[in-house]
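I opened my notebook to look up a few things here. These are my entries, in the order I made them.

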Amino acid sequence: MNFEEDILQDFLVEAKEGIANLEEGFLELEKDRKNIEVLKLLFRTMHSLKGASGFFGFKTMESIAHFSEDILSKLRDGLIEPEENVIDILLKALDYIKYIIKFIEENKMEPIENNILDFLVELSNFNEILNKKIKEFSVEKKVEEVKGEIEQKIEKKLEEEKLLLIEKTEEKDVKEVPSIELVETHIKVDVKLLDQLMNLAGELVLARNRVVQLAQKITDEELSRSVQALSMITTEMQETIMKTRMQPIGTVFNKFPRIVRDLAKSLGKKVNLHLEGTETELDRSIIEAIKDPLTHLIRNAIDHGIETPEIRVQRGKPQEGALILRAYQEGGQVVIEVEDDGKGIDVEKIRQKAVERGILSYEEAISSSEKELLSLIFKPGFSTAENVTQISGRGVGMDVVKANIEKLGGSIELNTIYGKGTTVKIKIPLTLAIIPALIVTSGEYRYAIPQINLKELIIIQPEKELLKIGHTEFYRLRGEVIPVLRLSEILKTNGKEVQKNLVILTTGEKFMGLLIDKIFASEEIVVKPLGKWFKNIPIYSGATIMGDGKLALILDVVGLSQFVGISVEEVEKKYEVSKKVKSFAEETYFILLFDIGKERIALPIALISRLDKVKANEIQISGGKEVIIYKNEVVPIIRLDNYLPIEKIPPQDEYIVLFFTEREKTCGILCSQIVDTIETSLDVEEGIYNYPGILGHKIINNKTVLFIDIYKIIEMYDPEWFILKKKEKIKKKKILLIEDSSFFRNMIRNYLELEGYEVETAENGKEALEKLTATRHFDLIITDTEMPEMDGFEFIKIIKSTPDYEKIPVIVISALAGEEIRKKILELGVNGYEVKLNRERLFAQIEKLEENDGVS
Amino acid sequence: MELVKREEIFPEKEEKERKVAIQKTLTIVTFYLGDFLFGLPAEIVMEINKDIDVTPVPLSQDYILGIINLRGQIVTVMNLAKKIGLDKEIIPKLGLIIKKEGEAPISFMIEEIGEIVEISVTKLEKPPEKIEGLNKEYIKNIYQLPEKLLLILDIEKIIEF
């Protein structure tokens, strides 16, 4: 519903109220024609109707109300007598008003019908006659005869008019104004009453839960049926009550066109504001609370984001800046985006400012990633505006915005492309009071996890399926490696010895696993705030009262994720003294660091399926090759020192074996010891260690770490390893691989070439376009998304709109995971999307494409 | 206008005087923790509960025992003995629920409830330099009862976070 419709609704509600008052008033008047109070009320009501309809430009209705008001004022002032014909015409006027209102409600416009216009003429004439009558009456009060004559005349004329009207209506065979009963569709309710209802609904849910629990102890069919009915009705009632508090976000959005226009004007800028999703509904308390933060963001976008028309033209942008305010629902949350196509945020400037202001040391600033730097904007007292203007840039604001959003249980995220624009994304819950949650236990206590953060539940065998490296455990969920936390460890309580229930959680951005003792139930819970004593513990967002009256703490998944974050960051800080900031710096991966003798080697954890210890005497020789028997399987062992220019692995009693599995084939890599896992980018240095099987190196904790190409090494060990079915390739397919990270570029190229493809590489979209122009023909394009110069999104858009290239299939490999990204990527019209580091899946995609190709 | 103002002022003045008069005596709820007798103004004591079912909140401060459900409201439970640095092990049995204006209620764990006493404000004394066995900073005043020394707690300081 947009603003216009919104106030039109208000108008209709008011008009109906007015009509009801008028009807009641006329009824009263019938009883006592001289009741001056009623006449006053009628006059006032008609007057407001006139004003309101005039405001909306409903001319006919305004006129009817105007003449009626006029007549009513004469009655009120005693200038005329409330005679039958006067009341009649007023009632008729009311009927027409009702008809018009009904028509407006249905058609959003006034009816254009002859009979209404005819009535208007009649009404106007009637009023005119009354005027004359009054005038003559006052001037020639004494001349009784004249008066009588005139009265006669009037009556005659009226008679004629009436007859005329009847004739007319009969002629056209139009029913007289149908007597319309206006059904009240809206009533005004005190907000406090709604709030109270909401609270009561909350209490009812709790009472219901209690009854449900008690009923479970008694096996009685009748009882359980009634309880079920009670349960359903309660849920429905609660949902309905919740809906009464919902308002379209348009009520806030519609205030912005004015603000934007005024602001743009005062800054000499041109801004075109688009509102999207104004009908998205939110709890009214949240609507109230987001008004200020949104205003601030909009001001920022216009003040700091959008450039002046001259600069925009210089930069090849349209004069008018685009500002999009977008709202949509996603799961149980509402996402609000403020997007501008202005100059974006200069991350380097933030870096500089951070050092100047002493927020970061020089070293910290150099090693900070783009994401880390952007997050500084939300720190108190940080502003990048060069000029402090009246509108914004006083160094306060974004921290307040963030605090306000977080207070609502929401999150805020900032994305910017320097020179191209900024998008601020706010996620807030639909409602704050009652949320669906999963109840789990740790030790003897229960905890609630909001459903919104829940991805899936898995029963695992932790000792087999979890990969513990350093301090962090990992679980492989369909190829993606996600960190796992143990709830009992975080809470420092005693959990069960074997925890098999793994809850996969999402913060919206990243996934993690949470191992818990037991899954209890899925319930609607009423969120109650925790006292100030617990504000500094990030892992709780409140508490709730369970059906049995006991309490359960509500876990805050974002807070929990910081627990993963903290340890990883700490490790990272410890190891990474020098870290070069590059465009893909925010693409980080969990890396396993291990030693072979004195050499330190690194591999992405996602590539390793397991790791275990093996005694030296367990390594056997079979068929001239070293193998071990692992879980009833013969696993060949690879010594990296046989293929890489490194020292031999010193003999040990016990080694660590990293298992590598693909297409049900497993091999093991022998190493001396595991060092740790870190989350880091894969911006490796090439050149010094130019050797097959080595993708590059990186200095981590003052030590050179070699990043190895596991596929190349396995191929060196056994060239047949990856070849399952030898296919005769009819034609050598040509692939264009676009990837900015040399690590991935080289690794993927190697394994594509291994499979018999011809591969050309490019480091970004721009280079790729050049390659495309030079070598017209490619059979397939594989591209990354996040790249400097021209990113994958833009590149694909260009490809898909260029007739020469649009038919080339495109597969996207990305470090970005999650439904949202997947959707965004697939919307581009690409043929496939895979998360990086999954060779098997990438080949499956390619094969699928080739098969389709073969068919067509 | 003038007249109205005066009328408004007068009752205020009277109330002020009344307040001073009231403040001459204070009603204090007393309770025991170890050998000490503590007191808190009766006006902030909401109720005393036994058999309270505390749900612990892991990772909270050591003097926070957890939370309870007080008729639908979540109330924080504090181990008062620990907070005020009482060096003796005590077995808290009762929950003394305190509600200060503008603050959420909080439950203090106490051993035993004592009498409710009226004390004279003028006889309140400053706490001594050192009180053996507990942290003096949480004691606002001391008051000599006929048989025992009453330690009046500094509630603001205790519930300050």
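First, a term I need: two strands pair if DSSP finds at least two bridges between them. Strands (E, at least two residues) and helices (H or I, at least four) are DSSP runs, numbered from the N terminus.

I noted that this is a predicted model, where local features need pLDDT of at least 70, side-chain atom pairs count only at pLDDT 80 or more, and totals for chains, interfaces and linings use all residues. Residues are numbered from 1 along each chain as its sequence is written, while chains are lettered from A and ligands numbered from 1 in the order in which they are written.

**Entry: a sheet in chain A**

I looked up A:Ile738 and found A:Ala762 of β31(A) opposite. The strands here are β30 (residues 734-738) and β31 of chain A, which pair in the parallel sense over five bridges. They belong to an open sheet of five strands, in the order β31-β30-β32-β33-β34 (chain A), with parallel pairing. β31 (758-762) and β34 (832-835) of chain A are at the edges with a single partner strand each, so one side of each has no neighbour in the sheet. From one strand to the next, the twist averages 20°.

**Entry: two helices**

I checked how α7 (residues 191-217) and α8 (residues 221-244) of chain A meet. Their axes come within 9 Å and cross at roughly 160°. Axes are lines fitted to C-alpha atoms, for helices over the stretch in contact, and angles run from 0 to 180 degrees between N-to-C directions. Angles over 145 degrees count as roughly antiparallel, so α7(A) and α8(A) are roughly antiparallel to each other. Among the residues making the contact are A:Leu197 and A:Val205 of α7(A), and A:Val227 and A:Met237 of α8(A). Contact means C-beta atoms, placed from the backbone, within 7 Å.

**Entry: burial**

I counted a residue as buried if 20 or more other C-beta atoms, placed from the backbone, lie within 10 Å of its own. Buried residues make up 36% of the 856 residues in chain A. Helix α20 (residues 710-717) of chain A has six of its eight residues buried, so it is largely enclosed by the rest of the structure. A:Tyr711 and A:Lys712 are among the buried ones.

**Entry: where the chains touch**

I found 15 residues of chain B in contact with 19 residues of chain A. On chain B's side, β4(B) gives the most, with three residues.

Conventions
Two residues are in contact if their C-beta atoms, placed from the backbone, lie within 7 Å. A residue is buried if 20 or more other C-beta atoms lie within 10 Å of its own, exposed if 12 or fewer, and partly exposed in between; C-beta atoms are placed from the backbone. Angles under 35 degrees count as roughly parallel, over 145 as roughly antiparallel, 65 to 115 as roughly perpendicular and the rest as oblique.
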